[in-house]
Amino acid sequence: MQFIINGETVEVAADIRTSLLDLLRNYLGFTGTKKGCDQGACGACTVLVDGERINSCLALAVQYQHRNITTVEGLARNGSLHPLQQAFIDHDGFQCGYCTPGQLCSAIGMASEIERNIPSVVTKDLSATSVMLDETEFRERMSGNLCRCGAYNGIVEAISEATV
Ligand code: FES
């Protein structure tokens with residue numbers, strides 16, 4: 001199977017039944033993507049496919065060949081953290097950090113969703129994840145990503161700073 005992951009084309013021989021999550025972690029070493037529930041309930045495994053967020057534990061890898069897959073390892077560019085990564089650090093948007101890769105990918109995917117669906121309230125600068133969004137709305141939109149440490153206030157502050 002052939003995939004485009006973080007801008008690089010990779011080929012891998014894997015069982016046709018392999019989930020995208022297991023392919024990333026077990027076959028390709030992208031262990032930044034985490035396995036929590038493995039049944040679509042926690043969001044720890046969230047990655048971006050062509051800019052859209054998905055739960056990779058629910059996705060068969062074979063269906064995502066030749067698509068642009070972005071994992072947390074692909075967010076930093078040219079030695080600089082993505083603005084949202086820096087905001088999570090600045091606002092203590094984590095405790096143990098296990099959910100953080102999924103939170104980051106999900107928030108970036110959310111910004112993209114907002115731009116596509118509600119263009120009147122967003123800017124066009126997605127490189128900085130720039131959207132204007134009511135806190136209540138983005139809490140709802142991020143509700144698929146759980147944080148067992150309860151670092152939600154920091155997460156909300158980080159997303160607010162990086163996306164407004
Ligand atoms: Fe995929 Fe929990 S591991 S949603």
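Which residues have the most contacts inside the largest nonpolar core?

1. Basis. This is a predicted model, in which local features need pLDDT of at least 70 and side-chain atom pairs count only at pLDDT 80 or more, while totals for chains, interfaces and linings use all residues. Residues are numbered from 1 along each chain as its sequence is written.

2. Core. Leu 84, Leu 104, Ala 107, Ile 108 and Ala 158 have the most contacts inside the largest nonpolar core, which has 37 residues. A nonpolar core here is a set of buried Ala, Val, Leu, Ile, Met, Phe, Trp, Tyr and Cys residues joined through C-beta atoms within 7 Å. Buried stands for 20 or more other C-beta atoms within 10 Å of a residue's own, exposed for 12 or fewer, and partly exposed for anything in between, with C-beta atoms placed from the backbone.

3. Who supplies the core. At least two core residues come from each of strand S1 (2-5), helix H1 (20-27), strand S3 (46-49), helix H2 (83-90), helix H3 (100-117) and helix H5 (152-163). H3 gives the most, with seven residues. Domain 1 (2-74) and domain 2 (83-163) both give residues to this core, so the core lies between them. Helices (H or I, at least four residues) and strands (E, at least two) are DSSP runs, numbered from the N terminus.

4. Overall make-up. The chain has five helices and five strands. From the N terminus on, the order of these elements is β-β-α-β-β-β-α-α-α-α. Of the 164 residues in the chain, 38% are buried. Among contacts between residues at least 6 apart in sequence, 60% join residues at least 24 apart. Two residues are in contact if their C-beta atoms, placed from the backbone, lie within 7 Å.

5. Domains. The chain is divided into domain 1 (2-74) and domain 2 (83-163), with bounds that come from an automatic or database domain assignment. In the contact between them, 14 residues of domain 1 meet 13 residues of domain 2. On the side of domain 1 that touches domain 2, S3 and strand S4 (52-55) each supply at least two residues. S3 gives the most to that side, with three residues.

6. Helix pair H2 and H5. The axes of H2 and H5 come within 8 Å and cross at roughly 140 degrees. Axes are lines fitted to C-alpha atoms, for helices over the stretch in contact, and angles run from 0 to 180 degrees between N-to-C directions. H2 and H5 are therefore oblique to each other; angles under 35 degrees count as roughly parallel, over 145 as roughly antiparallel, 65 to 115 as roughly perpendicular and the rest as oblique. The crossing of H2 and H5 is right-handed, a term used if the near helix is turned clockwise from the far one by less than a right angle, with anticlockwise giving left-handed. On H2 the contact is made by Pro 83, Leu 84, Ala 87 and Phe 88, and on H5 by Ala 158, Glu 161 and Ala 162.

7. H1 and what follows. Leu 20, Leu 21, Asp 22, Leu 23 and Leu 24 of H1 are buried. After H1 comes Gly 29, with a positive phi near 80 degrees.

8. Most residues other than glycine have a negative phi. Asn 6 is not a glycine, yet its phi is positive, about 50 degrees. Asn 6 sits in the loop between S1 and strand S2 (8-11), and is partly exposed, with 17 other C-beta atoms within 10 Å. Asp 38 likewise has a positive phi, near 60 degrees. Its place is the loop between H1 and S3, where Asp 38 is partly exposed, with 15 other C-beta atoms within 10 Å.

9. Gly 144. This residue is in the loop between helix H4 (135-141) and H5. Gly 144 counts as partly exposed because it has 16 C-beta neighbours inside 10 Å. Gly 144 and Cys 42 are 102 residues apart in sequence but 6.2 Å apart in space, C-alpha to C-alpha. Not counting residues up to four places away in sequence, Gly 144 touches Gly 43 and Ser 106.

10. Val 156. This residue belongs to helix H5 and is partly exposed, with 16 other C-beta atoms within 10 Å. Leaving out residues up to four places away in sequence, Val 156 touches Glu 135 and Arg 139.
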